[in-house]
Amino acid sequence: MVLVAAATRASSTHAAPPAPGEAAQTLRASLVQVQIALRNNPRAAQAALTQAREAYAALADPLRHYAPEVDETVRTALTDAEAAFRRGEATAFAVARARAWTSLLHGSYLVVTGAVGAGDIATAYNWLPVREFRRATRFARPNADATLALDALARGATEPRAALQAIHADLLDTYQARLNAALADLATADARRFPARRAESAALAKGYFAILAGAFEEQRGAAQRAQADELLEALLASALTGDGVPAAMAQVTDSLRGFRAAPLSEAEQARRAGQMMRYLRLVPIEYGRGVRDGRVTIDLEIREAATFYEGAQAAFDDLRNIFEARDSNKAAQAAAIFDLLKRDITDAGEQRGVAAPEDVRARSDRLIALLAELIPAEWSTQNSAADFDVIATALDQMEQAVARGEYGLAESARVEAYAVLESGPEAKITAFAPQFKNTIEGYFWFGHGDHKGLAALIQQKAPLSEVRMTRRLLDAELALAQEALKGSDSPVAIATNSGIIVLREGLEAVLILAALVASFRTAANRHLRRPMWIGALLALIASLLTWLALRGTLSLFASLGEKLEAIVSLVAIGVLLLITNWFFHDVYWKGWMANFHKQKQHIIKGATGQFAGLLLLGFASVYREGFETALFLQALTLEGGAAVVLVGAAAGMVLVVAIGLAIFALQARLPIMKMLIVTGMLIGFVLVVMVGNTAHTMQVVGWIPLTPIRWLTFPHWFGLWFGTYPTAEGLALQFAAAAFVIGSYFLAQHLHKRRLRLTTHSA
Amino acid sequence: MPSAPAGPTAQPTADKNRPTSPADLDAIKVYLVGKSNELKRATAELKTLADRYYDAAAVTNFDYAALWSSQKDDVVKLVQDARAAWMNASPLYEQMEGIVAGTPSLAEYDVILDAGASKEEGGDNVVPFDLTLPDGRVIEKPGNLFGVSESALWGTFTDFTAQGIVADFDGDGQVEFSEALPDAHVLKAAADELDRYAGELLAAAQQWEPTESDAFTALVVMVPTMEEYFASWRDSRFVKGDQSTQRDFVAISRLADIQDILASLQVVHAGVSPLIRTVDASQDAQIEKQLAELKAFVADVHRQEQSGKRFTPEEADLLGKEAQDRATAITGQIAQMAAKLNIKLEQ
């Protein structure tokens with residue numbers, strides 16, 4: 001046999017003993033070779049068996065030191081294997097082989113953790129490779145936490161306790177995955193009637209559980225541990241005879257249900273709870289889209305519902321222990337509803353019977369309500385990490401839909417992902433990591449820099465490779481933003497966040513309102529303040545109503561955010577252009593000339609229009625930011641609670657009002673000529689910023705094209721506060737707005753001088 | 001027909017700022033482009049033969065009984081030549097599959113050419129295209145193109161096979177396995193598309209700028225797929241004989257494919273080996289050794305099969321489990337090295 005030959009060569013040419021990892025692999029592979037050669041080639045089998053014993057001899061010393069009882073188990077298993085080999089019993093050999101191997105893994109676990117505890121880093125380092133890994137898939141990679149922790153410990157970059165925690169978590173998590181895989185293999189082997197594979201899988205399951213048993217006992221007590229041991233022993237007995245395997249499996253599965261060997265940290269528990277609730281909310285939405293008139297109309301939507309269901313179910317399994325400790329009755333009810341939902345989705349997927357979408361929604365709602373009662377209060381706050389997880393899942397589905405050429409469904413998944421972003425982390429990104437906001441939005445929508453956005457790619461039915469490219473860029477930005485947001489979950493951070501949002505979003509509105517109100521200070525136009533105040537007040541009420549309406553329906557409206565902002569901004573710009581024109585040609589004119597009598601008729605004629613215009617300006621100036629502010633604050637409310645958010649928002653509002661009053665007071669003190677110039681400049685400035693921001697928003701949602709100017713870069717705060725971004729369209733529109741303002745001023749001056757000349761001439 | 005996946009452009013990676021990498025990524029690209037070129041030539045040959053078969057069938061207006069009775073010898077030769085061309089092309093792809101399937105920006109070609117499932121099979125890996133036949137019929141999501149052409153050429157799927165004809169190739173009075181004529185429309189459409197996508201893959205390979213992340217991701221994604229390959233071998237004719245219902249993997253044993261895939265992964269490992277050695281030379285040596293041993297293990301099983309040993313399904317299952325365990329151990333070590341090097345493994 002090749003392996004035996006290779007191993008023999010290796011042992012004869014290397015003087016130094018093999019590293020523990022290498023020796024362990026030789027032991028395992030040799031025992032498999034014995035199994036393969038058992039019947040047909042006893043000589044090769046004997047050679048491989050000798051090889052296995054030699055390999056173990058190289059491993060035994062540290063095992064005897066750190067885990068003497070395991071050393072004994074391995075030796076007994078090897079003796080049993082040899083006896084089974086002599087008898088030619090493949091099944092008994094498979095069991096002994098599995099026991100020897102899993103005992104060695106157990107021993108390595110004890111050596112590594114014991115050595116770290118004893119400060120013997122070298123032994124820990126040598127023995128860590130004697131381990132298994134989670135099986136890598138296209139979507140999951142093996143964990144490297146234990147290796148990195150040991151590295152950090154060796155460098156002195158971490159404490160032994162923290163390193164041990166990471167090693168425990170990594171290894172226990174791995175062996176729990178292997179236990180589950182062994183149980184799945186057992187079911188398959190039983191169905192295929194492979195007796196040796198069936199017995200081997202049962203023995204592997206028993207061996208993996210032995211590694212986890214300490215954690216199991218710690219969580220569930222000695223009695224339950226003893227019961228689990230008995231059930232696994234019974235499962236092995238069933239597997240050896242082939243009788244009653246499914247029933248024995250069911251008992252083992254039941255006894256392990258909800259057990260998680262590597263307990264989740266508090267933060268991870270909250271994250272899983274967040275995932276569970278978010279995934280569950282998406283299940284009926286996707287299901288409803290896939291079913292019409294009692295039949296499945298869109299397969300992929302049902303598959304998406306299944307994906308979200310599986311995500312929720314996995315999170316529930318991880319947390320079930322905790323739920324059961326809180327209220328076992330409710331936990332059982334929740335588990336039963338999970339089962340019903342699974343049946344609904346599976347049946348629809350297999351076209352066996354299609355539950356009505358309303359029934360699925362009702363079940364989901366009932367489950368969500370039940371889980372909300374089970375979830376500890378401190379987990380109920382929104383968790384950004386869970387949001388990022390759900391965004392990733394929705395984007396995965398978008399990719400899958402593109403791969404199938406289902407671009408409509410891909411767009412729906414993209415919008416779903418964006419809605420989660422907008423209704424959750426975006427508020428925090430806006431406040432704490434604003435440098436990522438535009439890039440992320442660009443990749444989600446119509447592009448950033450040289451790269452097209454996902455919305456544009458889906459609209460153009462771009463190939464999967466292009467979609468994947470943008471997705472990878474988006475993922476990188478999201479990861480950076482997520483990293484930047486770490487530590488921003490505290491109440492102080494959330495309150496600060498709310499304050500900054502209110503301040504920034506409110507500043508534009510207050511600038512324009514204060515400037516205009518201050519300019520309406522003559523008796524003739526003081527009445528014009530009223531419509532602006534009314535408009536602003538109405539917008540505040542509308543924003544408040546929006547905030548209330550968004551409760552519980554955040555994700556449904558979140559995706560509308562940019563579009564609504566663009567529409568209201570366009571209205572605001574339109575009105576502001578009129579006001580600018582009117583300001584320079586009317587108020588400016590009248591205030592400067594004090595030609596009240598001459599203009600009186602004109603003002604009265606235009607009074608209704610002015611009233612409506614100013615009311616609309618007051619409304620649009622405030623509400624254009626109000627919707628998004630309401631959205632962000634609602635997202636923060638989910639995370640930090642209403643009280644914390646309101647404190648922050650109130651502080652922000654106080655600052656906004658103070659700035660408004662300061663501008664108002666400053667302008668009120670200025671001589672009328674200077675006041676008018678300052679007001680004109682302020683209006684012009686706000687108009688240019690508003691045009692820039694609106695152009696950017698319209699580029700995000702794809703309403704105007706996006707031509708990046710590659711050689712031009714602005715710091716992110718520049719775009720944030722001045723609405724200036726390096727795109728040809730944005731800059732051109734801002735330039736046009738500035739030209740309009742300056743042009744209006746000079747036109748007014750020109751007309752004014754002409755009028756003066758005419759007046760002088762006629763006099 | 002679907003629009004082709006565009007060739008990848010710049011790759012965003014976590015390691016783009018690494019100053020000078022000791023990894024020899026160019027060698028991986030040179031290997032991939034070389035194999036892609038060979039594949040393109042081989043698929044062009046298959047396309048030529050499929051066209052000739054189609055033209056011959058068109059003469060009889062696709063009356064296969066008439067074709068068989070009038071040109072039996074020519075037709076048998078054409079089909080056998082086409083099979084030989086297929087058997088030349090398929091391993092060439094397998095020899096680079098490890099890189100193509102394991103690199104996210106190229107992986108779509110793997111689904112299209114060799115790994116994608118049909119609509120009926122379903123699952124997460126259905127091919128993204130429909131096959132339009134020369135007569136206007138459309139086969140929705142027919143499965144990967146090597147699989148479609150293999151099923152047509154070896155007659156393992158009735159829908160892709162000429163109807164109304166008993167094609168006793170060797171004239172022994174019995175119609176045995178693979179004695180069937182392909183549906184000329186299906187064969188031509190599949191061969192055309194295979195050749196077209198092989199051309200696109202070549203172009204994409206030429207544009208590809210491999211990164212360290214690409215190389216490590218390919219290793220971590222592809223090495224541990226052993227069990228899947230062994231499962232398709234276990235369920236194939238090579239193990240189950242006539243009891244097998246599998247449509248593809250009938251012409252070449254999956255064991256040969258696995259060795260080819262591992263060979264391509266050895267090329268990838270050789271590319272990143274200098275980099276791994278900078279953090280752990282002994283671990284790199286162990287990865288190299290275990291990869292070679294895994295390939296030798298598969299080669300040994302293949303040799304036994306070629307010498308006439310018929311493995312039982314349970315033995316095949318055990319061998320698959322062992323290959324998978326070895327592969328998982330190798331993958332774990334590679335993932336540890338990637339983590340130490342702070343190289344991101346793409347999802």
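This is a predicted model: local features need pLDDT of at least 70, side-chain atom pairs count only at pLDDT 80 or more; totals for chains, interfaces and linings use all residues.
Along the chain, Gly626(A) and Thr546(A) are 80 residues apart. Gly626(A) has 27 other C-beta atoms within 10 Å. The cut-off for burial is 20 or more, so Gly626(A) is buried.

Now compare a loop position. Glu406(A) lies between helix H18 (384-403) and helix H19 (407-423) of chain A. Around Glu406(A), 19 other C-beta atoms fall within 10 Å. Burial needs 20 or more, and exposure 12 or fewer. Glu406(A) is therefore partly exposed.

H9(A) runs over residues 160-192. It has 33 residues and reaches 47 Å from its first C-alpha to its last. That is close to the 48 Å expected at 1.5 Å a residue. Just after H9(A) comes Arg193(A), with a positive phi of about 60 degrees.

How do other helices pack on H9(A)? Two packed helices are described by the angle between their axes and the distance between the axes. Start with H8(A), residues 145-155. The axes of H8(A) and H9(A) come within 8 Å and cross at roughly 165 degrees. An angle over 145 degrees counts as roughly antiparallel, so H8(A) is roughly antiparallel to H9(A). The crossing of H8(A) past H9(A) is left-handed. From H8(A), the contact uses Asp145(A), Ala146(A), Ala149(A), Leu150(A), Ala152(A) and Leu153(A). From H9(A), it uses Pro160(A), Ala163(A), Ala166(A), Ile167(A), Ala169(A), Asp170(A) and Leu171(A). By class, the contact of H8(A) with H9(A) has 11 nonpolar residues, 2 charged and no polar.

Next comes H6(A), residues 90-117. Its axis and that of H9(A) come within 10 Å and cross at roughly 170 degrees. That angle makes H6(A) roughly antiparallel to H9(A). On the H6(A) side, the contact residues are Tyr109(A), Val112(A), Thr113(A), Val116(A) and Gly117(A). They meet Pro160(A), Ala163(A), Leu164(A), Ile167(A), His168(A) and Leu171(A) of H9(A). The residues of the contact of H6(A) with H9(A) divide into 8 nonpolar, 3 polar and no charged.

Finally, turn to chain B. It has 11 helices and 2 strands. Read along the sequence, the pattern is α-α-α-β-β-α-α-α-α-α-α-α-α. Chain B has 347 residues, and 55% of them are buried. Among its contacts with a separation of 6 or more, 76% come from residues 24 or more positions apart.

Definitions and conventions:
Residues are numbered from 1 along each chain as its sequence is written. Chains are lettered from A and ligands numbered from 1 in the order in which they are written. Axes are lines fitted to C-alpha atoms, for helices over the stretch in contact, and angles run from 0 to 180 degrees between N-to-C directions. Helices (H or I, at least four residues) and strands (E, at least two) are DSSP runs, numbered from the N terminus. Angles under 35 degrees count as roughly parallel, over 145 as roughly antiparallel, 65 to 115 as roughly perpendicular and the rest as oblique. Two residues are in contact if their C-beta atoms, placed from the backbone, lie within 7 Å. Ala, Val, Leu, Ile, Met, Phe, Trp, Tyr, Cys and Pro count as nonpolar, Asp, Glu, Lys and Arg as charged, and the others, Gly among them, as polar. The expected span of a helix is 1.5 Å times one less than its number of residues. A crossing is left-handed if the near helix is turned anticlockwise from the far one by less than a right angle, and right-handed if clockwise.
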